[in-house]
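The following exercises concern one protein structure.

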Amino acid sequence: MSEYRIEPFAEQTRVDEQAIVELWTGERILPLEEARRRVPEVLLVGTAEGSDEPVGISTVYLQRHPQLQLELWHQRGFVTAEHRRTRLATQMALGVRDLLRERWAAGDRRGAGIVMEVEHEGLKRDWPIAHWYWLDYLYVGDTPAGARIYVHYFPGAEAPLPQGTT
């Protein structure tokens, strides 16, 4: 198994914005305009040992989650096909969780936690458990489209009162 370097995108110089766009478009994950739009959302980038080419990308954006009625960081991850049977995706998810949790502890209270909507059928089939303990994410339901919703709440975050409650 390869070793990986996972770094905050904004704090490294090996992988530039064009490499991110080329990865997404070259893998036919995103059209060019959407790839360019998402570049500012890149939080972490992963490279394989001995290479400066990205093989994993984690993005986050802040938005109110319609089902949870809470402002949360929405996390997306992509790992190239060649590196999917490794621990890279898990390592990157842990990196996102830890970095955003550190920011929360330092006073950035813009989101109460992180939400992942798991669309990958293999993950849904192979990991149908309520608590992803290795990531500390809890299953909280499904989207109308059938994605599984997992949430990591930051320590001390407060949930909104149910609608109709005073």
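**Exercise 1. Determine how many salt bridges the model holds, and examine one of them.**

Step 1. A salt bridge is counted where a side-chain nitrogen of Lys or Arg lies within 4 Å of a carboxyl oxygen of Asp or Glu. By this rule the count comes to 12 salt bridges.

Step 2. The model is predicted, and local features need pLDDT of at least 70, side-chain atom pairs count only at pLDDT 80 or more, while totals for chains, interfaces and linings use all residues. Residues are numbered from 1 along each chain as its sequence is written, and side-chain values use heavy atoms, with hydrogens and water left out.

Step 3. One of the pairs is Arg76 with Glu41, whose closest N and O atoms are 2.2 Å apart. This pair links distant parts of the chain: Arg76 belongs to strand β4, Glu41 to the loop between α2 (32-38) and β2, and they are 35 residues apart. Helices (H or I, at least four residues) and strands (E, at least two) are DSSP runs, numbered from the N terminus.

**Exercise 2. Follow the pairing from β6 through β7 to β8.**

Step 1. β6 and β7 (residues 137-142) run antiparallel and are joined by 2 bridges. Trp132 stands opposite Tyr137, and the bridge partner of His131 is Leu138.

Step 2. These two strands form a hairpin with 4 residues between them, and Asp136 in the turn has a positive phi of about 65°.

Step 3. β7 also pairs with β8 in the antiparallel sense, over 4 bridges; here Leu138 stands opposite Val151. The β7-β8 hairpin has 5 residues between its strands, and Gly146 in the turn has a positive phi of about 95°.

**Exercise 3. Which element gives the most to the lining of the largest pocket?**

Step 1. On a 1 Å grid over the protein atoms alone, a pocket is an open set of points where a 1.4 Å probe fits, with protein on both sides within 12 Å along at least five of seven lines; lining residues have an atom within 4 Å of a point.

Step 2. The largest pocket is lined by 36 residues, and those nearest its centre are Gly77, Ala89, Val118, His120 and Leu123.

Step 3. The elements that give two or more residues to this lining are β3, β4, α3, β5 and α4 (121-126). β4 gives the most, with 6 residues.

Terms used
Pairing = 2+ DSSP bridges.
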